[in-house]
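Keep the sequence and the coordinates open as you read.

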Amino acid sequence: MSTSVPQPRRAVSGLPGYIAGRRSTSADTAALASNESHEPPLPGVLDAIVAHGRRANRYPDMGAVALREALAAHVGVDAQQIAVGAGSVSVLQQIVTAYCDAGDEVIFAWRSFEAYPILAAVAGAVAVRVPLRPDEGHDLAAMAAAVTDRTRVILLCSPNNPTGVPLGTGQVEAFLGQVPPDVLVVLDEAYVEYTDDRDGAASLALLSAHPNLCLLRTLSKAWGLAGLRVGYAVAAPEVAEALRRTAIPFGVSAVAQAAGIAALAAADEVRARAARVIAERSRIVEALRAAGWQTPDSAANFVWLRTTPGLHAELMEAFDAADILVRGYPGDGIRISLADSATNDRVLSVLADRSGSGS
Ligand SMILES: *Cc1c(COP(=O)(O)O)cnc(C)c1O
């Protein structure tokens, strides 16, 4: 028997291995590393989960028709314009699979969502990273200048994860005017419910004039379903159809489909929950600045602190000692999800102790 084992493609061997993050160890652990909602499932969601759990021996509806119709009604489009997946990460994989051949280019800002380079590499595409501006926002001029005849997809993340800085709709529209119409521009709006345009009406209004625009949204964050995996794209019918074709069959479970429909039925409660996070965000950003920290205006459910290497290690240790899980990006900074005010106060007390070292 040979001692060698089959080797994955070079692009795959080059990917970082999965490093398990620290999990919550007790009820006192503050889980602020993944931008989840800190609130339990919405009214009606648990009932839907239980009811559909009883039928787990059956396959889900492969077309996710009822879920797509509920999403379409929520957004105000035709269900033909909706494609769903097991989280918007999965929809993003459908996008790259549908539009990129090996060697094609995917442009995105950096630092941004960590899934972007991984999904590009898995598809055999070339990841083109365009550095953020000093103000932590996308450098759209540089991104437009990075387009080549191999560019198939551009990923815009607004508000940007992990910096929280949003793109204005006017900026996105101007950018679309600079990009060739055969390049798909994906606007990842995972946190749209926390922005000034909470229903995302402004970006939606760009769709009719720009069939190469694809909005990417999720029920993982404000809608509180991170553990059930429901994400969706809103796009021209032809684009949505391409994404449905590249979906893994039965990717969204029946439990997740039903929970998604139940969550959408509780949209008012979701808006109220998001409003509480937004109010906390203003309070926390103000308190951080008063304590001497520089943090950009966040339009999401997290705040961002850029760090030097020494400060980074010190802060990560301090959060660990306080039993607070945050997301550290060595060499860049630390992202801290917002939660209820008592938990946010614990974050402030860790940071208040270190005021002055932060800028
Ligand atoms: C959290 C997040 C998502 C959502 O991922 P899901 O797969 O839907 O859970 C997508 N994009 C960004 C930028 C995110 O931060």
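Q: Is Glu189 buried or exposed?
A: Buried means under 20% relative accessible area, exposed over 50%, and partly exposed in between, with a 1.4 Å probe and protein chains only. Glu189 has 6% relative accessibility. That is why Glu189 counts as buried.

Q: What kind of model is this, and how are residues numbered?
A: This is a predicted model, where local features need pLDDT of at least 70, side-chain atom pairs count only at pLDDT 80 or more, and totals for chains, interfaces and linings use all residues. Side-chain values use heavy atoms, without hydrogens and water, and residues are numbered from 1 along each chain as its sequence is written.

Q: Where does Glu189 sit, and which residues is Glu189 in contact with, leaving aside neighbours within four places in sequence?
A: Helices (H or I, at least four residues) and strands (E, at least two) are DSSP runs, numbered from the N terminus. Glu189 is in the loop between β6 (184-188) and α8 (201-204). Contact means heavy atoms within 4.5 Å. Leaving aside neighbours within four places in sequence, the partners of Glu189 are Ser158, Ser203, Leu215, Leu216 and Arg217.

Q: Which residues is Leu207 in contact with, leaving aside neighbours within four places in sequence?
A: Leu207 lies in the loop between α8 and β7 (213-218). Its relative accessible area is 9%, so Leu207 is buried. Beyond neighbours within four places in sequence, Leu207 touches Gln81, Leu213, Leu215, Val234 and Ala235.

Q: How do the rings of Phe113 and Tyr116 pair?
A: Rings of Phe, Tyr and Trp (its six-membered ring) pair if their centres lie within 6.5 Å; planes under 30 degrees apart are stacked, over 60 edge-to-face, and the rest tilted. The structure holds six such pairs. Phe113 and Tyr116 are 5.5 Å apart centre to centre, with 85 degrees between the planes. The pair is edge-to-face.

Q: Which residue lies over the face of Trp110?
A: Trp110 forms one aromatic cluster with Phe108, Phe113 and Tyr116. A charge sits over a ring if NZ of Lys or CZ of Arg is within 6 Å of the ring centre and within 35 degrees of the ring normal. At 5.2 Å from the ring centre, the residue over Trp110 is Arg129.

Q: How far apart are the end C-alpha atoms of helix α12?
A: The expected span of a helix is 1.5 Å times one less than its number of residues. Helix α12 (residues 309-321) has 13 residues, so it should span 18 Å. The end C-alpha atoms agree with this, at 19 Å.

Q: Within what arc do the buried residues of α12 fall?
A: The buried residues are Leu311, His312, Leu315, Ala318 and Phe319. The arc is that of the directions from the helix axis to the C-beta atoms. Seen down the axis of α12, the buried residues line one face of the helix, because they fall within 135 degrees.

Q: Which residues of α12 are exposed on the other side?
A: What covers the buried residues of α12 includes β10 (324-325), β11 (327-329), β12 (333-337) and α13 (341-352). The exposed residues on the other side are Pro309, Gly310, Glu317 and Ala321.

Q: What radius of gyration does the protein chain have?
A: The radius of gyration is taken over C-alpha atoms; the globule rule is 2.2 Å times the number of residues to the power 0.38. With 359 residues, a compact globule would come near 21 Å. The protein chain agrees, at 21 Å.
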